[in-house]
Amino acid sequence: MVVCDLLVKNFHTYRYGYTAKLETELDDIEEGKEKWTDLLNAFYGYFEEELKDAGKNMENIKRWSR
């Protein structure tokens, strides 16, 4: 539960509706409407920024176990 709470708090892009949007984009790739490399590049752009922010702002849970 702790890990889930931290992920929800710190990774905002991947909340509600993300999987539905991703499924649509994957369908577009299958149909040749979108390149898979474009999808991954777009994903990683957001993910990299959120990863940096989480690294700076996420609570350190190691202290909870002591």
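How far apart in helical turns are Glu-49 and Lys-52 in helix H3? They are separated by about one helical turn, because they are three residues apart in helix H3. The legends below return to this pair.

The model shown is predicted, with local features requiring pLDDT of at least 70 and side-chain atom pairs counted only at pLDDT 80 or more, while totals for chains, interfaces and linings use all residues. Residues are numbered from 1 along each chain as its sequence is written, and side-chain values use heavy atoms, with hydrogens and water left out.

**View 1. Overall fold of the chain.**
The chain contains three helices and zero strands, in the order α-α-α along the sequence. Helices (H or I, at least four residues) and strands (E, at least two) are DSSP runs numbered from the N terminus. Of the 66 residues in the chain, 11% are buried. Here buried means under 20% relative accessible area, exposed means over 50%, and partly exposed lies in between (1.4 Å probe, protein chains only). Among contacts between residues at least 6 apart in sequence, 70% join residues at least 24 apart; a contact means heavy atoms within 4.5 Å.

**View 2. Packing of helix H2 against helix H3.**
Two packed helices are described by the angle between their axes and the distance between the axes. The axes of H2 (residues 18-30) and H3 (residues 36-57) come within 9 Å and cross at roughly 155 degrees. H2 is therefore roughly antiparallel to H3. Axes are lines fitted to C-alpha atoms, for helices over the stretch in contact, and angles run from 0 to 180 degrees between N-to-C directions. Angles under 35 degrees count as roughly parallel, over 145 as roughly antiparallel, 65 to 115 as roughly perpendicular and the rest as oblique. On the H2 side the contact involves Tyr-18, Leu-22, Glu-25, Leu-26 and Ile-29, and on the H3 side Trp-36, Leu-39 and Phe-43. These residues divide into seven nonpolar, no polar and one charged. In this grouping Ala, Val, Leu, Ile, Met, Phe, Trp, Tyr, Cys and Pro are nonpolar, Asp, Glu, Lys and Arg are charged, and the others, Gly among them, are polar.

**View 3**
Side chains of opposite charge can pair when their charged atoms come close. A salt bridge is a side-chain nitrogen of Lys or Arg within 4 Å of a carboxyl oxygen of Asp or Glu, and the whole structure has three of them. In this one, the closest N and O atoms of Glu-25 and Lys-21 are 3.0 Å apart. Both residues lie in helix H2, four residues apart, about one turn of the helix. Glu-25 counts as buried because its relative accessibility is 17%.

**View 3. Salt bridge between Glu-31 and Lys-33.**
The closest N and O atoms of Glu-31 and Lys-33 are 3.0 Å apart. Glu-31 is exposed at 52% relative accessible area, and Lys-33 is exposed at 63%.

The side chains of Glu-49 and Lys-52 meet at 3.9 Å, N to O. Glu-49 is partly exposed, with a relative accessible area of 44%. Lys-52 also counts as partly exposed, its relative accessibility being 45%.

**View 6**
A pair of aromatic rings is described by the distance of the centres and the angle of the planes. Rings of Phe, Tyr and Trp (its six-membered ring) pair if their centres lie within 6.5 Å; planes under 30 degrees apart count as stacked, over 60 as edge-to-face and the rest as tilted. Two aromatic pairs are found in the whole structure. The rings of Phe-43 and Phe-47 are stacked, because their centres are 5.4 Å apart and their planes lie at 10 degrees. Phe-43 and Phe-47 are four residues apart in helix H3, about one turn of the helix. Phe-43 is partly exposed at 30% relative accessible area, as is Phe-47 at 24% relative accessibility. Tyr-44 and Phe-47 form a tilted pair, 6.3 Å centre to centre with 50 degrees between the planes. Tyr-44 is partly exposed, with a relative accessible area of 43%. Phe-43, Tyr-44 and Phe-47 together form one aromatic cluster.

Tyr-46 lies in helix H3 and counts as exposed at 54% relative accessibility. The C-alpha atoms of Tyr-46 and His-12 are separated by 9.8 Å, the two residues being 34 residues apart along the chain.
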